[in-house]
Amino acid sequence: MTTLAACTPAQDVAATPQTGATALATECRVPADDNWRLAASPDDRTRLRTYRDAWTDALAMVRARGQGGVVAEAGVLLEPDRALGTDPVPPTGTYQCRTIKLGIRDEGRPATTTLPAAPCTVRRDGDVLRLAQGQGAQRINGTLYPDTSARGVFLGTLALTDEPTPLRYGQDNLRDMVGLVERVADRRWRIVLPRPALESTLDVVEVTPGN
């Protein structure tokens, strides 16, 4: 039986380019085994297996509401078949994470929302890498698992607003997040999160080197 450890402060400190201030990132641990299938819930395995349906639904909804220009402007970042086939997981370091939310769960919301980029870090923990986002109204924290030569898998949780510590993975299925990790350009990655429980149909997190 796999035991889930508690969320803990990460050792990496990310600098905010605009202010020079630092933010202590907090990461939510899942088991440091390199097989994500041993840690993922059945619901998350289903979400990952059907990610392309979520992507298709989200893009159709965005375009139907006249916001296709956002997709066109983002280019390869939001195109399902434009990932490169090598080095799918970002190496250790300091990054900027920017989330684009596509599709809606509740009427009255825009079909696409882009959250401001915020500092995030990637650090090694045994055979896996931990990603921690320390700032922002919605922050992902979790583990980057190896999968194939073309993709990795993210497994973690979503923290909101001023919550100091993310929930443990598996503690609240409304906060659990699963996604594909892919490289789309030189030193540019994305984490594709299908059917998050809140707000959107698909979230795409752009990961680029921080300053």
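Buried here means under 20% relative accessible area, with a 1.4 Å probe and protein chains only. Because six of the six residues of β6 (residues 128–133) are buried, the strand is largely enclosed by the rest of the structure. Strands are DSSP runs of E with at least two residues, and helices are runs of H or I with at least four, numbered from the N terminus.

This is a predicted model, in which local features need pLDDT of at least 70 and side-chain atom pairs count only at pLDDT 80 or more, while totals for chains, interfaces and linings use all residues. Residues are numbered from 1 along each chain as its sequence is written, and side-chain values use heavy atoms, leaving out hydrogens and water.

## Neighbouring strands

Strand β5 (residues 118–125) runs antiparallel to β6 and is joined to it by six bridges; two strands pair if DSSP finds at least two bridges between them. T121 stands opposite A132 in β6. Two residues lie between the strands of this hairpin, where G126 takes a positive phi near 65°.

Strand β7 (residues 138–146) also pairs with β6 in the antiparallel sense, over four bridges. L131 stands opposite G142 in β7. The hairpin of β6 and β7 has four residues between the strands, and G136 in the turn has a positive phi of about 115°.

Technical notes:
Buried < 20%, exposed > 50% of the residue type's maximum accessible area, 1.4 Å probe, protein only.
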